[in-house]
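Please read these notes with the sequence and the structure open beside them. They are meant to be followed point by point.

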Amino acid sequence: MKITILTLFPEVFEGFFSTSIPLLAKEKGLLDVNIINFRDYTTDKHHKCDDEPYGGGAGMVLKPEPLFKALKSIDATSKRVIYPTPSGKLFNQSIAKELSNEKELVFIAGHYEGLDQRVIDSFVTDELSIGDYVLSSGETAILVMVDAIYRLIDGVISPESLVEESFNDSLLEYPQYTRPQEYEGMRVPEVLLSGNHKQINDWRYKKRLEKTIKNRIDLMSKNIN
């Protein structure tokens with residue numbers, strides 16, 4: 001998969017894509033990343049990318065000219081273009097899986113009061129929100145979405161690890177334990193030490209149900225088990 005990100009702050013993404021699993025995915029040839037600073041597409045001497053909104057109001061709006069030029073330079077009209085925004089459709093695991101099947105994705109990082117609507121009307125295919133709150137920049141939201149998406153690409157993470165993750169079947173993940181067996185008076189549940197895989201699976205399923213009911217009861221209506 002190729003991921004292209006249009007941003008005013010390319011440095012935000014440098015650490016993410018140069019460490020851990022994203023770096024391994026790039027080294028395997030499973031992930032190609034292109035970061036574009038759309039300030040480079042300005043033509044005025046001050047490299048201005050924002051201006052006051054028509055009709056008045058607080059804040060600034062990102063101008064259409066630099067973004068149009070940057071998006072045209074990568075033929076974005078033929079690609080899936082994602083704009084993270086609080087007014088978008090709620091991003092979830094199902095959407096992440098859908099997007100992981102794309103050959104190429106383009107992300108636009110908004111700032112201030114957002115993008116000139118003409119950019120959205122001309123290029124954006126998906127307006128997505130990571131939650132009911134407001135961030136100071138689109139870069140953070142893009143990192144969240146990209147992290148959820150790229151790990152679902154075949155070959156990035158073992159299939160076994162993905163099967164039992166939260167949201168895979170509308171239930172949250174069960175508790176995890178590792179060595180030592182006892183720490184500060186707290187013991188690993190005996191069933192996990194038993195070697196009885198049926199009992200372990202039953203325990204894990206019960207714990208998944210308990211955690212989902214406690215933390216995300218809204219997911220239970222989606223559970224078909």
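This is a predicted model: local features need pLDDT of at least 70, side-chain atom pairs count only at pLDDT 80 or more; totals for chains, interfaces and linings use all residues.

1. Residues are numbered from 1 along each chain as its sequence is written, and side-chain values use heavy atoms, with hydrogens and water left out.

2. Helix H3 spans residues 64–73, and its buried residues (under 20% relative accessible area) are Pro64, Pro66, Leu67, Ala70 and Leu71. These cover an arc of only 165° around the axis, so they are on the same side of H3. The arc is taken from the directions from the helix axis to the C-beta atoms. Helices here are DSSP runs of H or I with at least four residues, and strands are runs of E with at least two.

3. The buried residues of H3 pack against several elements, including strand S1 (2–7), strand S2 (32–37) and helix H5 (117–123). After H3 comes Asp75, with a positive phi near 55°.

4. The largest nonpolar core has 30 residues, of which Phe91, Leu99, Phe107, Met145 and Ile149 touch the most other members. Helix H6 (138–150) is among the elements giving two or more residues to this core, and H6 gives the most, with eight. Such a core is a set of buried Ala, Val, Leu, Ile, Met, Phe, Trp, Tyr and Cys residues joined through side-chain atoms within 4.5 Å.

5. Thr85 lies in strand S5 (residues 80–90) and is buried, with a relative accessible area of 9%. Not counting residues up to four places away in sequence, Thr85 touches Glu127, Leu128 and Ser129, where contact means heavy atoms within 4.5 Å.

How values were computed. Buried means under 20% relative accessible area, exposed over 50%, partly exposed in between (1.4 Å probe, protein chains only).
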